[in-house]
Amino acid sequence: MSERYHPSWEPILKPLLKQDFMRTLSMFVQQERKNSLVFPPENLVFNAFKLTAFEDVKVVILGQDPYHNDGQAHGLSFSVPKGIMLPPSLRNIYAELATDIPGFAIPTSGDLTAWAKQGVLLLNATLTVRAHQAASHQKKGWEEFTDQIIHAVSQKLDNVVFILWGSYAQKKAVLIDAKRHLILKSVHPSPLSVYRGFFGSKHFSKANEYLAAASKPTINWQV
């Protein structure tokens, strides 16, 4: 796991990366890359930690798995690089933003780098996947790694908004100190569940209201 990350993550990531389970995970991922196509590319696995400095984290949006189709995954949950067709869940996220944030114009690009640079940690629970095989790298160690990241953000920062969409993400609430942070939950924005409470949840405006009340800069959600 030699990917570079923002220096502010060093006190958290350096000891984590030395743990035995991460050595085992690293060997697994390296072997997978020898035998199969793995997403995202090696230099983008830690992209969320490159683009968002630790002390700047204001919002955490937790995803489950990187996109597993060609060209989609670039190390940010729910995000795809410029020029890639919008996945259904991201289309639904934009549709909710259009009703929640006054003046929000639905973008043609699915690249959420602009969010990451403002302090939105776009974190998948699993950071790699074998091409065209969803969940193929789950339960190999990534979840233990990202659980410790969530816990560290909860313990070391104050007034962070944790956005948990779907039952998988909501299980991570046990890692978060609800007295110090805001936890927002709803169903997942996928087409299978979006009409059961994601639309109308207003998580983006609620996040900004909370940040403003904590005297923190709000997020410009326009991409």
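A residue counts as buried when its relative accessible area is under 20%. By that criterion Phe54, with a relative accessible area of 8%, is buried in this predicted model. Trp9 is likewise buried, at a relative accessible area of 0%.

A pair of aromatic rings is described by the distance of the centres and the angle of the planes. For Trp9 and Phe54 the ring centres are 5.0 Å apart and the planes stand at 75°, so the pair is edge-to-face. Trp9 belongs to the segment before helix H1 (10–17), while Phe54 sits in the loop between helix H3 (47–51) and S2; the pair therefore ties together parts that are 45 residues apart in sequence.

Another edge-to-face pair is formed by Tyr195 and Phe199, with 5.2 Å from centre to centre and 75° between the planes. Here Tyr195 is exposed, its relative accessible area being 71%, and Phe199 is partly exposed at 28%.

The annotated site comes next. In an unreviewed UniProt entry, the annotation "active site" covers Asp65. Asp65 lies in the loop between strand S2 (59–63) and helix H4 (88–100). Its relative accessibility is 19%, and because the threshold for buried is under 20%, Asp65 counts as buried. Beyond its neighbours within four places in sequence, Asp65 contacts Asn124, Thr126, Thr128, Val129, Ala134, Ala135, Ser136 and Gln138. With Ala135, a polar atom of the Asp65 side chain lies 2.7 Å from the backbone nitrogen.

Technical notes:
Residues are numbered from 1 along each chain as its sequence is written. This is a predicted model: local features need pLDDT of at least 70, side-chain atom pairs count only at pLDDT 80 or more; totals for chains, interfaces and linings use all residues. Side-chain values use heavy atoms; hydrogens and water are left out. UniProt positions are given in the numbering used here, feature names are shortened, and annotations may be inferred rather than shown by experiment. Helices (H or I, at least four residues) and strands (E, at least two) are DSSP runs, numbered from the N terminus. Buried means under 20% relative accessible area, exposed over 50%, partly exposed in between (1.4 Å probe, protein chains only). Contact means heavy atoms within 4.5 Å. A polar contact is a pair of N or O atoms within 3.5 Å; within protein, one must be able to donate a hydrogen and the other to accept it, and residues adjacent in sequence count only if both atoms are side-chain atoms. Rings of Phe, Tyr and Trp (its six-membered ring) pair if their centres lie within 6.5 Å; planes under 30 degrees apart count as stacked, over 60 as edge-to-face and the rest as tilted.
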